[in-house]
2 protein chains.
Amino acid sequence: MTTHIGLLGCGTVGSTVAEMLLTERVLLEKRSGQSLVLKRILIRDSEKSRSRNIPRAVFTTNPDDILKDPEIKIVVEVMGGIEPAKTLSMRAIKAGKLLVTANKHLLALHGMEIFRAAARVGSSVCFEASCGGAVPIVLALTRGLVANDIDQLVGIVNGTCNYILSEMSSTGKSYATALAEAQAAGYAEPDPTLDVTGGDSAHKLAILASLAFGVHVPFEQIHVSGINTIDDMDLRFGRELGYVCKLLAIAEKHGHGISLRVHPTFVPQKHLLANVNGSFNAIAVVGHASGQTIYYGRGAGGRPTASAIMADIVEAAMGSATLLFKQLPLLTRRSAARLVPMHDVSSRHYLRMMVDDKPGMLHQITGILGKRGISLAAMVQHEAHEDQFVPLVIMTHEAPDGKVIEAVAKINSLRGIRSKTRHIRVIDPQS
Amino acid sequence: MTTHIGLLGCGTVGSTVAEMLLTERVLLEKRSGQSLVLKRILIRDSEKSRSRNIPRAVFTTNPDDILKDPEIKIVVEVMGGIEPAKTLSMRAIKAGKLLVTANKHLLALHGMEIFRAAARVGSSVCFEASCGGAVPIVLALTRGLVANDIDQLVGIVNGTCNYILSEMSSTGKSYATALAEAQAAGYAEPDPTLDVTGGDSAHKLAILASLAFGVHVPFEQIHVSGINTIDDMDLRFGRELGYVCKLLAIAEKHGHGISLRVHPTFVPQKHLLANVNGSFNAIAVVGHASGQTIYYGRGAGGRPTASAIMADIVEAAMGSATLLFKQLPLLTRRSAARLVPMHDVSSRHYLRMMVDDKPGMLHQITGILGKRGISLAAMVQHEAHEDQFVPLVIMTHEAPDGKVIEAVAKINSLRGIRSKTRHIRVIDPQS
């Protein structure tokens, strides 16, 4: 049997998918039992130079050449962004095509609409490549762990941030230097905003949490902070205390609700997540029967992302995608997530204050913390060097986020506090 | 729709599967779209006390009550061992039942026969739980990485061995002490032979390699050595050189052939596999498009194994199992593996000799190595303590296994060598 495929977009990922479809036909036919034929690729600019491996005849600038071609069964959306990706994806679904997409941004914001449209017409949406690149995390959540109630999902899901933090940690570079080098090496975009502010991680968290907990996740309610405020000094103090800083996307059960958040986090050095370096991704999932499982691999790049897209294409071609899409947790359990507000989430906290080296400061600070029921687990203060301001580092026991935010504001208002107190949450992922 | 299930066996795993089917009906129905009903459980001894959560009426000692019941669609084999598991599994398949099995021993030895029998009648065999417990590694190899040519698979697939080695490494205990404690803690069987000699790891390797490379693996040709000859002294020297010892199951391409082996291996401390501790499993897979991916989780135990079996039951009930089984690499590419003999496999090597503390020994040893083209990468010799015999540790550069085995035999025959030279292979897994 022959299955015809149309691609929407031909950037890094799209052209790699196209090349794999063209050059690995034998392998793909063996694995899928189908002849997978790349029929058309939608491009915006017909003048741009393209891979020589792709025959020019497959390119088109007219979406109808794909969406109105009855022979094309699978449409692969690799344009990214919201529009025109959304309109074209919805048109593909309504035309009865099976949709494969890598677009986390689109799914995080409009996933429910797209999934329901597909369910209505008996089509399917595959989106393995939207989270974790080559890592088959969607497969693990929807299939491998299908019999589990998920308690917690903790992931390093943005390779750019992990690359920058790894570089800062291993070399002592500042954030600005590490970012500039990441851009030069191609690990960060010229405009890295969506990555470094945590937005991209939050997109992926919205998708993963909706699968893990079978609920609709209101994207805008995810607590998000990025790595762009991280000071290399704090990475050094963290290491001294036995921690490594990672940008984590966290989804976990809290009583009857779910807490969803993205923030820089200190992870104990011995934990596997602390040892995930460079542009790699890793997602730890705790199921009630499985216990902890972790999935690790390249989270971005043409070939790793294409690897996931090809797996989706194979499933769509074989017919299993439609069969399994019907049971997608998102579709079967449509309740909206009951989100626990960030100020009620308890964790340990790292605080670094720049304090005037004079008597009484520590007494005042511990007073502010103690009054809010925040107790100290560890403290580091080195001797003052050039000036009379010294960093005072406190690691707290578990305390509600809101209480700590309140205490930090109070501490910042003290006389003798030089600059804004740095606050990094600490977690000990379940095992 | 209702799907009836019969269980063959009711040990730790079987009773956990039974309890999950009984107590988690709502969750399972949501996820599978089916009502999954446990109809019968085959037991050997009707007098043995059983979980109170399982109604006595489902137990039977007559296999026909399951195999000849037309209502039972899915048969789950959790007896373990070769017989009667093999005969009953084959009967189930021939009766048109969908088989779910956790039996790695059976599949490693007779998998091809069982798979082909199922393919002939249009049935399917699901075996996620046979390797890596809760870790969805079969899913990853057959689906997530379906578009990849696999270059290498390196796994810690036996929790008992990993527990013992982790204990020896972290506490300095001897092998005998660590084993006894593992037995007392329930991490090792009263008869641990199949685990500690590497046999169980080899069973899993046979299954995983056949999926990864799409070939029939002649089990008896896998090179196997276990952890039962590991001396704690070597773990200490390894650490000094920056390595951790793990029992690894390795399958990798060598030219046009495949090398398959299970042996204790030194892994660089910084590699994620070196940080997999206790009874956990982890499998690293390198695909040509995906790059390195790693899968980590609990490799044994009632609930983790049941988690994998339940996932298989859900796939079988939903109909996707039969659809996908047809494309199992094992069935579509039936060639036997071209195995590279162990003596042709190149790696680095750790050698520890107990040498007489007299002039000329090192000269003789380096002569033996040099003559076979084996060059030294590192050497450690501490001063002699109680007696005049001292451990001499050599880390070689890459050298063919056969040459090193030959050199070791020659070294052992030298005057001034106190006891058999210890030899541990070293790998630097691809990234």
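Two strands are said to pair if DSSP finds at least two bridges between them. Strands (E, at least two residues) and helices (H or I, at least four) are DSSP runs, numbered from the N terminus. The legends below describe a predicted model, in which local features need pLDDT of at least 70, side-chain atom pairs count only at pLDDT 80 or more, and totals for chains, interfaces and linings use all residues. Residues are numbered from 1 along each chain as its sequence is written, and chains are lettered from A and ligands numbered from 1 in the order in which they are written.

**View 1. The hairpin of strands S9 and S10 in chain B.** Strand S9 (residues 243-254) and strand S10 (residues 257-268) of chain B pair in the antiparallel sense over twelve bridges. Within this pairing, Cys245(B) stands opposite Phe266(B). The two strands form a hairpin with two residues between them, and Gly255(B) in the turn has a positive phi of about 60°. Strand S7 (residues 150-156) of chain B also pairs with S9(B), in the antiparallel sense and over four bridges; here Leu153(B) is opposite Ala251(B).

**View 2. The open sheet of chain A.** Six strands of chain A form an open sheet in the order S3-S2-S1-S4-S5-S6, with parallel pairing. Strand S3 (59-60) and strand S6 (125-126) of chain A stand at the edges with a single partner strand each, so one side of each has no neighbour in the sheet. Strand S4 (residues 72-77) and strand S5 (residues 98-101) of chain A run parallel and are joined by four bridges. In that pair, Ile74(A) stands opposite Leu98(A).

View 3. Chain A is divided into domain 1 (2-133 + 304-332), domain 2 (139-298) and domain 3 (345-426), with bounds from an automatic or database domain assignment. The C-alpha centres of domain 2 and domain 3 of chain A lie 25 Å apart. Their contact (C-beta atoms, placed from the backbone, within 7 Å) takes 16 residues from domain 2 and twelve residues from domain 3 of chain A. On the domain 2 side, helix H11 (232-241), strand S9 (243-254) and strand S10 (257-268) of chain A each supply at least two residues.

**View 4. The contact between chains A and B.** Each chain contributes to this contact, with 48 residues from chain B and 48 residues from chain A. Elements giving two or more residues to the chain B side include helix H2 (25-32), strand S12 (291-298) and helix H12 (302-318) of chain B. Strand S12 (residues 291-298) of chain A and S12(B) run antiparallel and are joined by five bridges, with Gly297(A) partnered by Thr293(B). Of the interface residues of chain B, 100% are also interface residues in chain A, so the copies meet through the same surface.

**View 5. The rotation axis relating the two chains.** A rotation of 180° with 0.0 Å of shift along its axis superposes chain B on chain A (RMSD 0.0 Å). That is the relation of a two-fold axis. The superposition is by least squares on the C-alpha atoms of residues with pLDDT of at least 70 in both copies. Among the residues of chain B, Tyr295(B) comes closest to the rotation axis, at 2.5 Å (C-alpha).

Notes: Two residues are in contact if their C-beta atoms, placed from the backbone, lie within 7 Å.
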